[in-house]
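The tour below goes from one selection to the next.

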Amino acid sequence: MADRSGIPPGSTPMPAAKGPPTPPPAPQAIKIGHVVEVARELALDHGLVEPTEQERAEMERDAAQAEERRAERAAKRDAAREQLAGIIEEPARTILDLHAENDFGECTGCDFAGSEGEPPDWPCATVITIARHYGIDIPEGT
Ligand SMILES: [Zn+2]
């Protein structure tokens with residue numbers, strides 16, 4: 001009959017340890033070969049794959065269109081700034097002067113709270129409201 005105790009013949013078993021029982025070891029992370037599928041668009045966005053000629057052309061076209069939209073938006077905003085500057089009626093003039101744009105494209109008049117609070121982007125809701133009142137088309141956001 002085979003000895004199934006796991007103790008080699010002729011050796012003496014270890015005495016039981018004294019003190020509190022030791023906790024079982026923490027489970028070890030097991031690395032298993034794993035393939036994560038990523039959408040090609042995401043891989044392209046993060047530079048994980050080289051774009052094909054067609055993809056490169058699309059990316060350049062998209063970038064050119066985005067730049068065109070940005071330029072149109074900037075021109076529209078510049079036009080709105082000029083129109084807003086022409087408003088002399090009170091109290092709109094005083095309110096617009098308070099909610100002026102600083103060098104960082106933020107409103108100087110809006111209150112903001114919190115240690116990490118940031119001033120809102122210009123045009124803020126107040127400036128947009130006045131612009132709409134005067135029929136001025138002003139792009140919102142940055
Ligand atoms: Zn404001």
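Which residues of α4 are buried? They are V127, I130 and A131, where buried means that 20 or more other C-beta atoms lie within 10 Å of the residue's own, exposed means 12 or fewer, and partly exposed is in between, with C-beta atoms placed from the backbone. Seen down the axis of α4, these buried residues fall within an arc of 100°, so they line one face of the helix; the arc is that of the directions from the helix axis to the C-beta atoms. An α-helix has 3.6 residues a turn, so residues three or four places apart point the same way.

Some conventions before the next selection. This is a predicted model, in which local features need pLDDT of at least 70, side-chain atom pairs count only at pLDDT 80 or more, and totals for chains, interfaces and linings use all residues. Residues are numbered from 1 along each chain as its sequence is written. Helices (H or I, at least four residues) and strands (E, at least two) are DSSP runs, numbered from the N terminus.

**Whole chain.** Colour by pLDDT, the predictor's confidence in each residue, from 0 to 100. The average for the protein is 85, and 87% of the residues score at least 70. Among the helices, α1 (residues 40-45) has the lowest confidence, with a mean of 87, and α3 the highest, at 97. The protein has four helices and zero strands, in the order α-α-α-α along the sequence. Of its 142 residues, 6% count as buried.

**Helix α2.** Select residues 53-85. The end C-alpha atoms of α2 are 48 Å apart, which agrees with the 48 Å that its 33 residues should span at 1.5 Å a residue; the expected span is 1.5 Å times one less than the number of residues. Of these 33 residues the number buried is one, so α2 lies largely in the open.

**The core.** Select L84, L96, C107, W122, V127, I130 and A131, the largest nonpolar core. Such a core is a set of buried Ala, Val, Leu, Ile, Met, Phe, Trp, Tyr and Cys residues joined through C-beta atoms within 7 Å. Helix α4 (residues 125-133) gives the most to this core, with three residues. The buried residues of α4 pack against α2 and α3. On the other side of α4, A125, R132 and H133 are exposed.

**W122 and the cis bonds.** Centre on W122. Neighbours within four places in sequence aside, W122 is in contact (C-beta atoms, placed from the backbone, within 7 Å) with E101, G105, E106, C107 and V127. The peptide bond from W122 to P123 is cis, with omega near 5°, and P123 lies in the loop between α3 and α4. Another cis peptide bond joins E90 and P91, with omega about 5°; P91 sits in the loop between α2 and α3 (92-98).

**After α4.** Then go to G141, in the segment after α4. Is G141 buried or exposed? With 6 C-beta neighbours inside 10 Å, G141 counts as exposed. From G141, draw a C-alpha to C-alpha distance to P120: the two are 21 residues apart in sequence and 9.4 Å apart in space.

How values were computed: Two residues are in contact if their C-beta atoms, placed from the backbone, lie within 7 Å.
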